[in-house]
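These are my notebook entries on one protein model. I list what I looked up, entry by entry.

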Amino acid sequence: MPVITPFRRPSRPPDRAPDDPDTPGPPGSAPLKALTALRTRLAHGRAWRNRHPRAALAVRRVTTSFSAILVLGALLLPNTFVALEPNRFVRIPGEAVVAAVLLLCLPRVPRLVAAALFGTALGALTVLNLLDMGFTEYLGRSFNLVLDWGLLDDAQSFVADSMGGAAAAWAAVGAVALALLLLVLTALAAVRLGELLAAHRERAARGALMAATVWMTCAALGVQTFGVPVATTSASKAAEAQAHRVVDTLRDEAAFAKEAKADRFGATPGAQLVPDLRGKDMIFTFIESYGRSAVEDPVMAPGVDRTLDTSTEALAKAGFHARSGWLTSATYGGSSWLGHSTFLSGLWVDNQQRYRTVTAGDHLTLTKAFEKTGDWDTVGVMPGVQKAWPEADWYGLDKVYDAFDMGYRGPKFSWSTMPDQYALEAFQRLEHGRERDRPLMAEVILTSSHQPWAPIPRMVGWDEVGDGSVYDGIEASGVKASDVITDSARSKEEYGKSIQYSVTSLTQWLERYGTDDTVLVFLGDHQPLARVSGNRASRDVPVSIVAKDPKVLDAIDDWNWTEGLRPAKHAPVWRMSSFRDRFLTAYGSTPHPSRGK
């Protein structure tokens, strides 16, 4: 008979534990191993709770309390620093009542999904509210979900220039980590509260009914505590505002594209543009952050006004006279290029999409009008430009001197790549002081008054400017940006000093190098941020026209501007976008409209 060998199960190798998740296994075993590991951890957790019941109860209560505080805080969080007051957090959010009722009605799996989605959406809204706070503080407006993501790169660059590259990198990492953490924590908190409601369904249902009754009663009667309504739907309104902002932005894009194609002077021949300024050297200069607050705020105004009055007298001795008024800028606190393009294009360019639209077209800018005549050489002096700048063609600039073209060998002053006095001396050396066959039209952007206003350059002898090395000791001994950037009072003081420096640099340059045929138009691009100008400050900036030839100022007599460099409080205020057409008309230009299609 054949010998039958009994079957034996192969023995498991000693180094392969059955629950080891790192052990190779058959296809499809990974999810099973993960589930096994999760069950093991849960078992350990239950065992720990059984061994330490008091500690476990304390952890549960703390977790529940934190979840409730986080969710309610996110629902009641305003989107501005001004509104961030304790009374905002003693209200009843209607969204919480609705969410509680919905979660009580759902079975377990849909409830978990709904709670997680609700919490994630609430976290996203919180991130947007925080962005609104920052944008309102620095730019005087809310965050635009469509247009403003690119500005976050500019914010990081600003922090790098002000606080150093390492601080900027950590700030960026921290901001991203905070945003992700908020999304995760609000989702987990909503799930935790949803499970708590389900565990105490009967009591939770009675509580939700009572809360709904109180909310509706307070809403109907307009009940208030500490000056704010008890019943609120602030989170829903904030989400609705974000949605409307997106829709309005998309609609505005199409409407503005059509508006930009229509131009009162778009078809005007070059020979009929600014004929009354033929032979003049035209200098259009923007002083960074030079706003109305610099002239009128009790902290900054004394020093700035003294500088303006002193400069007016000095220019008069040199034969120059000035007229000044106010323009309302399209931007506030930053995004200077929006102010520049608004002033020069005659269009209201108040967001990045409008800027991209107008610079991609052929709308006539004030600077390009001089190029179109064929009678001026046109240049740009842009010490703040540190990368490719294709907009030069749209502005009609034959040559642009950026931060790397001006021969500067000195230190940076925070964001500003070089002092204004150096930039103007370089402009004199490279362009304005050269022998030429045609007059010059220049756009000059001065940057020393850019935030954080520390350290600020000092005036040196014009013959001592050299290659900028003279500023090494001045920068090293100046105030540090970190000492100013979070101090509102100190920021105001240093901001005022920076405006005095910029105005002094410009007016001394004109005294020293201006001729009988030099015409200077200078203005601020926007007000400084709210921490300096105030939460309800206007968007007005000073604007001045300075010339020796009396005919230049006689042409704008009907503008009723103030004599001198300091505009009177009640001097005319125009939208910045109206200046181009007024200027072209005052100096003899003939309108020939181009029509949008």
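I take a contact to mean heavy atoms within 4.5 Å. On that basis, residues 24 or more positions apart account for 77% of the contacts in the protein with a separation of 6 or more.

**Ground rules.** The model is predicted, so I noted that local features need pLDDT of at least 70, that side-chain atom pairs count only at pLDDT 80 or more, and that totals for chains, interfaces and linings use all residues. Residues are numbered from 1 along each chain as its sequence is written, and side-chain values use heavy atoms, with hydrogens and water left out.

**Overall counts.** I looked up the secondary structure and found 20 helices and 13 strands in the protein. Helices (H or I, at least four residues) and strands (E, at least two) are DSSP runs, numbered from the N terminus. I then checked burial, where buried means under 20% relative accessible area, exposed over 50%, and partly exposed in between (1.4 Å probe, protein chains only). Of the 597 residues in the protein, 46% are buried.

**Strand β7.** I asked how many residues of β7 (residues 377-381) are buried. The count is 5 of the 5, so the strand is largely enclosed by the rest of the structure.

Next I looked up the partners of β7; two strands pair if DSSP finds at least two bridges between them. Strand β9 (residues 440-446) runs parallel to β7 and is joined to it by 5 bridges. Within β9, Leu440 is the bridge partner of Asp377. Strand β8 (residues 399-401) also pairs with β7 in the parallel sense, over 3 bridges. There, Tyr401 of β8 stands opposite Val381.

**Helices α3 and α7.** Two packed helices are described by the angle between their axes and the distance between the axes. For α3 (residues 94-105) and α7 (residues 201-221), I read an angle of about 150° and axes 10 Å apart. Axes are lines fitted to C-alpha atoms, for helices over the stretch in contact, and angles run from 0 to 180 degrees between N-to-C directions. The two helices are therefore roughly antiparallel; angles under 35 degrees count as roughly parallel, over 145 as roughly antiparallel, 65 to 115 as roughly perpendicular and the rest as oblique.

Which residues make the contact? From α3 they are Gly94, Val97, Val101 and Leu104, and from α7 they are Arg201, Ala204, Ala205, Ala208, Ala211, Ala212 and Trp215.

I also looked at Met216, which lies in helix α7. Met216 counts as exposed, with 51% relative accessibility.

Most residues other than glycine have a negative phi, and most peptide bonds are trans. I went through the exceptions. A cis peptide bond joins Gln451 and Pro452, with omega about 15°, and another cis bond joins Ala454 and Pro455, with omega about -10°. Pro452 sits in the loop between β9 and α16 (472-476), and Pro455 is found in the loop between β9 and α16.

Ser414 has a positive phi, near 55°. Ser414 lies in the loop between β8 and α15 (420-432) and counts as buried at 10% relative accessibility. Asn560 also has a positive phi, near 60°. Asn560 is in the loop between α19 (550-554) and β12 (562-563) and counts as exposed at 57% relative accessibility.
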